[in-house]
2 protein chains.
Amino acid sequence: METMDGDRHRTAARPEVRALRPYRLSQPQFRAKLNQNESPYDWPEELKEEVLRRLRSSPWNRYPAVDAAPLRQALAEAMGVSSDMVAVTNGSNEAILALIQTYATGRGVTYPVPTYSMVYPLAVVGGANPVEVPLRPDFSLDAVALLSTAVELGARLVFLASPNNPTGNTFAREAILQVVEGFPGVVVVDEAYFSFVRASLLEEVHHRENLAVIRTFSKAFSLAGARVGWITARPQIIAEVSRALPPYNLDLFAQTAAMVALEHRHLLEERARVILQERDRVFTAMSQIDGVHPYPSEANFILFRTHLPARDVYSRLLERGVLVRDVSSYPMLEGCLRVTIGTPEENDLFLEALEESLR
Amino acid sequence: METMDGDRHRTAARPEVRALRPYRLSQPQFRAKLNQNESPYDWPEELKEEVLRRLRSSPWNRYPAVDAAPLRQALAEAMGVSSDMVAVTNGSNEAILALIQTYATGRGVTYPVPTYSMVYPLAVVGGANPVEVPLRPDFSLDAVALLSTAVELGARLVFLASPNNPTGNTFAREAILQVVEGFPGVVVVDEAYFSFVRASLLEEVHHRENLAVIRTFSKAFSLAGARVGWITARPQIIAEVSRALPPYNLDLFAQTAAMVALEHRHLLEERARVILQERDRVFTAMSQIDGVHPYPSEANFILFRTHLPARDVYSRLLERGVLVRDVSSYPMLEGCLRVTIGTPEENDLFLEALEESLR
């Protein structure tokens, strides 16, 4: 024990990992959970039963399909690409981490901020140097600033999310393509919220050697519980990133549920449309509340600023049973919160609580 | 396009990742699958139904429990440690990768070989420098050689598996503790096959600041399909490695199935005992076949050498419907194959096929 105590510093984690804040999420009592951009709709019973039926007849003692080959094939068909252009991952997080490990460990990763809060810790854990570039004040992408920083840094990876989280806006197609064309490394576009927008970079992967698009089943497909993400890119990128992904990274349930989701995606996409209608209704209603400034969104959540400190608004909403995300500590987002679009009833509860909170 | 073609080398993966061989596993036709050290026994129907019942009543649209808190608590109780001494992972692979990322990225990882084939690629993907030290000719651990290499290299992590795979032997407790005491960094002991042996380092984690023990539900618990591993260590190590693990790394099924496995672990452990009896029977029978040298095993598989090239024995066994693992390309293992202990019928089929193959 003395030896170990004396050498304690040598058993400590890497300083940059130790400096990361642990992921914590307060889960207080609530009536409406509008803090994680989940779909408010659980799967229909008949779809769940289909998954459970397949699970029942599968061997649990055996490793699941190597490379999740059937799921990759189904995803490829759904997107109209070949299956060597698809890799599946344990949520988007594993996709981001594996891309960093493949291209950027020991080098730089550049991304605009504010953005998805996991990018920074995943870059640090992946042994890369994260360098952040601010968005413009209207949250649009400054392609020139991003490019010049990335090139100056010698970055190997650029990450951006469109629609961006927590701002909710998509970036202009031309701006993203300017980055893809100008950056001499791999550009990762996170389209986690792809089902809520018309614009997508997906078809560009056919023509771009350095573009990888990430998507997830967690949002519009109502499947956050199964943790399935995927990467679409040219075969060379997929072959490379597949070396960084552990075999059997998706369990039997994740593979099966994602297959069933794809087979019934029209049903799930129908629900995404309901959420979009609600988003527009909630946005209009928020705009009419004094002291609230909602930002236009193309995703299933709305960023908003009020004239009160965000912490106070968060607490007042929670007192009324509504759990939202306080994002006021993000760059550029002082005073801001983010609300996920829920069911019409949950949204009504939120709007009422917001009005009362600001009175 | 021209720009990208001209800059192709700048979009290429890190050279050390590109040099990794992709994980491939041939899955030909077979009657007995004895190549991945899985349990031959699927879960009893009533246990599956218990898991499916809980899945049916859980929301799939929501993220699973943060930090898998209920599962960590249950594991802690089963092992008699506090829950801040447990982290859960997407199989053992994620445990190994996260420990490397926490302590060894940009530094060295030292481990004895031959060992688990994923250690090398995980070290490379994690941005660490893998340095291998041979076991003694009898596959025992040379603690002095391992220590001197690790210290000379300035390694931050030492990895070893006990029972070791694919050799099947456990390392002497004193040798492992000599490494733990002498190494000024973290020592990871992979006990994937813990249910098949009496010896374990687990209780040592209470007293050792630099010891982390990895276990998995994939083997004795018949749950390779759910991909659940876990790390047991002092709270400081767990707090550090938890920063390197993405939140929600275990999906709803993985968390639920592992909980049910713990609740019914006596049933599953009973089956492990049947496998042990079979292992001893198979070992004795193999010893009596001319030209076969089986190595003593404390796990659910047996390493063996024959007088024929391993590739030929592999093919002849496969012609007879028995799929084993050719491990002859591992260091020190020329001419060797590894057979997993299956059901009594599968083991009979293997023994018969082996005898015929060597005639």
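Two strands pair if DSSP finds at least two bridges between them. Keep that in mind, and remember that strands (E, at least two residues) and helices (H or I, at least four residues) are DSSP runs, numbered from the N terminus.

Before you click around: this is a predicted model, where local features need pLDDT of at least 70 and side-chain atom pairs count only at pLDDT 80 or more, while totals for chains, interfaces and linings use all residues; side-chain values use heavy atoms, leaving out hydrogens and water. Residues are numbered from 1 along each chain as its sequence is written, with chains lettered from A and ligands numbered from 1 in the order in which they are written.

**Stop 1: chain B, residues 86-90**

Select strand E2 of chain B. With strand E8 (residues 228-233) of chain B, E2(B) makes five bridges in the antiparallel sense. Pick B:Asn90, and you'll find its bridge partner in E8(B) is B:Val228. Buried means under 20% relative accessible area, exposed over 50%, and partly exposed in between (1.4 Å probe, protein chains only).

**Stop 2: the sheet in chain A**

Hop over to chain A, where seven strands form an open sheet with mixed pairing, in the order E2-E8-E7-E6-E5-E3-E4. Strands E2 (86-90) and E4 (129-134) of chain A stand at the edges with a single partner strand each, so one side of each has no neighbour in the sheet. On average, neighbouring strands of this sheet are turned by 25° against each other, direction ignored. Such angles use axes that are lines fitted to C-alpha atoms (for helices, over the stretch in contact) and run from 0 to 180 degrees between N-to-C directions.

Contact here means heavy atoms within 4.5 Å.

**Stop 3: helix H11 of chain B**

Select residues 265-287 of chain B. This helix, H11, has 23 residues and reaches 33 Å from its first C-alpha to its last, close to the 33 Å expected at 1.5 Å a residue. (That expected span is 1.5 Å times one less than the number of residues.) Among the buried residues of H11(B) are B:Leu268, B:Ile275 and B:Met286. What covers the buried residues includes helix H10 (252-263) and helix H13 (344-358) of chain B.

**Stop 4: single residues**

Finish with B:Asp312, in helix H12 (residues 310-319) of chain B. At 35% relative accessibility, B:Asp312 is partly exposed.
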